[in-house]
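Good morning, colleagues. Please take a moment with the sequence and the structure before I walk through some selected regions.

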Amino acid sequence: MKSSARAVVIGGGVVGASVLYHLAKIGWTDAMLIEKSELTSGSTWHAAGGMHTFNGEANISRLQKYTIDLYREIEALSGQSCTLHPNGGLMLAATQGELDSLKLICSRARYLGMETRMITLEEALELNPLIDPSHFIGALWRADGGHCDPSGTTHAYAKAARQLGATVERFTRVEALRPRADGSWDVVTDKGTVHAEHVVNCAGLWAREVGRLVGIELPVLAMEHHYLLTEDLPELKGRAREIVNTTDYSGEIYMRQERGGALIGTYEPHGVVWAPERTPDDFAMQLLPDDFARLAPYFEVGFRHFPALGRVGIRKAVNGPFTFAPDGNPLVGPVRGLPNYWVACAVMAGFSQGGGIGLVLSRWMAEGDPGQDILSMDVARYGAFATPKYTSVKVPENYARRFRLAYPNEELPAGRPLRRSPIYDRLRAAGAVMGANFGLEHALWFAPPGVPGTETPTYRRSEAFAHVGAECRAVRAAVGLYETSNYGKYEVSGRGARAWLDRVFACRIPRPGRLGLAPMLNDSGRIIGDLSIACLADDRYLIVGSGFAEEYHLRWFWQSAPPPDVFVRSAASTLAGVSIAGPRARELLQRLVRLDLGAAAFRLFDVRETAVGYAPAVVTRAGFTGELGYEIWTTPDYFATLYDDLREAGEALGLVLFGGRALSSLRLEKAYGSFNKDFRPDYTPAETGLDRYVDFGKAGFRGRDAALAERAAGPRRRFVVMEVEARDADVVGYESILADGRAVGYVTSGSYGHCVGASLAAGYVPTALARDGARFEIDILGEPCAATVRLQPLYDPDGLRLRS
């Protein structure tokens, strides 16, 4: 075994083998994979080998298509067959909600360039004659997908990597990981120590243990998973081609052909956690005991929906463990505080996603950037809240819902409430219907007295629609209060703070007493943050951004190397806040402060530290509604008192509480984009319109060269807001935008604009088409809806109310 390597990949499953191959392919031929047993011996060897491109995230769908297309390449390079069965995918709907979901998938596929269409049940029967159509109302077919041989595919990756110069060490156990001062690692094994510049945790079932070697607890848990192999089916005899891989939403069943029979699996409710605290060290090429008594009712559903399966015997049962993160997506990327330590684990759909994960991780390691937006897979989407107990309740919840729909208005209950602000109980008493963001509860909308605080999960407008509309109108007419504690908050201080911020952010850093809107770019000139910076003093700053991105941004700050005289810390749990907005906001706040809030004395984007009632606070004149507004930040011990003072002072002024749904509507009426929804690492300053806040004249900020190059060439697409002629459903996200029947762009977010009386959709279209009044169509749940670009906000286009 060699004593040094550019990178050591720990784990010889399909993900580890893919990472090794992609590192070698990108030029890191001095890469080594270490596996404690045989390749595939964890969960890879007993996988069903399904491959598909279905995913709620467009970028993950793209990576899954890349994975499937890659198999021919590694077969050719390695000479190892993956035993591909590229027979496509079929999804069945039994309810209107499921049918809406399939129509949304179909709309998204048009822009992604994936051959997909809604088909009749008669057409579905031609693709899979085992279906009993009486249980279903519609179906979707996609050309990409099928299944492969798990062992052959993993060995194809490994052999292809070896062809490029990489090495594989089997039956070698990693015993310790020791960091060196220069950021490299000593990988201590039972066969000697390897000095590696980088280490990648691809340990699958043992990802927690390899994480513990460096002092972290990854939110990963294994679940038992069963599938059955039937005896040969007469209905399949003599067919010219295999049946299409089929997913049954309502039955929570997946099935495909396996030789002359079928493979059928289920993601049952009340799944069983395997090895909840520690994975057995000697577990290799092993299955778990069958549990037919528990699973029989769920497989019987499959036998009703596919009756031929119930008429033959079971040839084999497979029960093996697979790992999941709390939301079911993989954990990929670098870990804050651990130089050159990477993870690629919790990859449940390894044969759909493994190739794409290897691609983005190899780019990230070699080039400093994954090359595309992978926020939904980034390990940094979890913070300290993702404790082992949290993981232990969220993973089983996700497992049980793997084939259930995730409706856009649905909130999942497990592990909640977890993080609560001091006014949580007050908001609940006022009718708040809560969601969770980075583990923190926040109000989505408020149910009036006597109205149930529930809504039917749907892709269409729900029972909350009218109540959200009332909140919006009340803000525009008088004044509203929205809790902002769920925002990300960071304090930066020290003598070198201004100079460091000048390098990290693309904007002009504000002077004391002022706030600036602050885009943050990666080195490729793409948006990784849309934040604000409040300068409290020359050496003290408060930065506010998206709450879900707290760990993501903290990692970026760490990677941007603050010098010894700069101190950066999260204020997520040390500052709580509210926003008040509306034409009477000044009148309300003036009752609680001695500061002169007149338009000339306290201008837009001014910042002051002052008492608000009893509470010492930071007050900024800013907001996200387009109305006169203020954001108020104080420490948690004063927060409930601040809230009570504002409620009391605002009672006679018509103060209302409003939630995140209303905020989404109000911001789109003003054509404001939102990070994560509209602004992500796929987009550039000029594409988003955030270039207006970039200080191109200053030198040395990250991403400057790329931003200047784009400025010279011009953006290829632009962010626009469109007025949509929708009926009873508004856009969700990633629907295709059509021009002359051709997909030219896609939607990023949307809502109904209650104060302008129109359905609104935000998204990206080619620059040449981004004209005021330009007409498009958006496919909303299978219905083509006319959409008109509005380059000026539909509400208060001149911004007079904001500046009043």
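Predicted model: local features only at pLDDT ≥ 70, side-chain atom pairs only at ≥ 80, totals over all residues.

**Loops, sheets and helix packing**

Arg259 is exposed, with a relative accessible area of 68%; here, buried means under 20% relative accessible area, exposed over 50%, and partly exposed in between, with a 1.4 Å probe and protein chains only. Residues are numbered from 1 along each chain as its sequence is written, and side-chain values use heavy atoms, with hydrogens and water left out.

Arg259 lies in the loop between strand S14 (253–258) and strand S15 (261–266). Helices (H or I, at least four residues) and strands (E, at least two) are DSSP runs, numbered from the N terminus. The phi of Arg259 is positive, near 60°, in a residue other than glycine.

Leu781 also has a positive phi, near 55°, and is again a residue other than glycine. Its place is the loop between strand S37 (775–780) and strand S38 (783–789). Is Leu781 buried or exposed? Leu781 is buried, with a relative accessible area of 7%.

Arg416 and Pro417 are joined by a cis peptide bond, with omega about -5°. Pro417 sits in the loop between helix H9 (388–400) and helix H10 (424–429).

I turn now to the sheets. Five strands form an open sheet in the order S24-S25-S26-S23-S27, with antiparallel pairing; two strands pair if DSSP finds at least two bridges between them. Strand S24 (515–521) and strand S27 (567–570) are at the edges with a single partner strand each, so one side of each has no neighbour in the sheet. From one strand to the next, the twist averages 25°. Within this sheet, strand S23 (residues 488–493) and strand S26 (residues 540–545) pair in the antiparallel sense over six bridges, and Glu491 stands opposite Leu542 in S26.

Which helix packs on this sheet? Helix H13 (residues 550–559) does, touching S23, S24, strand S25 (527–537) and S27; contact means heavy atoms within 4.5 Å. The direction of H13 makes about 75° with that of S25. Axes are lines fitted to C-alpha atoms, for helices over the stretch in contact, and angles run from 0 to 180 degrees between N-to-C directions. H13 is mostly covered, with eight of its ten residues buried; among them are Tyr552, Leu554, Trp556 and Phe557. After H13 comes Ala561, whose phi is positive, near 50°.

The next sheet is open and has six strands in the order S29-S30-S31-S28-S22-S32, with mixed pairing. Strand S29 (607–612) and strand S32 (655–657) are its edge strands, each pairing on one side only. S29 is joined to strand S30 (residues 615–620) by six bridges, and the two run antiparallel. Val612 stands opposite Ala615 in S30. H11 packs on the sheet, touching strand S22 (479–483), strand S28 (576–581) and S32, and its direction makes about 145° with that of S32.

H11 (residues 465–477) contains Glu471. Leaving aside neighbours within four places in sequence, the contacts of Glu471 include Trp445, Phe446, Leu657 and Phe658.

Strand S33 (residues 717–724) is largely enclosed by the rest of the structure, because six of its eight residues are buried. Eight bridges join S33 to strand S36 (residues 758–766), the two running antiparallel, and Met722 has Ala761 as its bridge partner in S36. S33 also pairs with S38 in the antiparallel sense, over three bridges; there, Met722 stands opposite Val789.

Finally, helix H2 (residues 58–78) and helix H8 (residues 350–367) pack at an angle of about 100°, with their axes 7 Å apart. H2 and H8 are therefore roughly perpendicular to each other, a term for angles of 65 to 115 degrees, where under 35 counts as roughly parallel, over 145 as roughly antiparallel and the rest as oblique. The residues making this contact include Leu63 and Tyr66 of H2, and Phe351 and Leu359 of H8.
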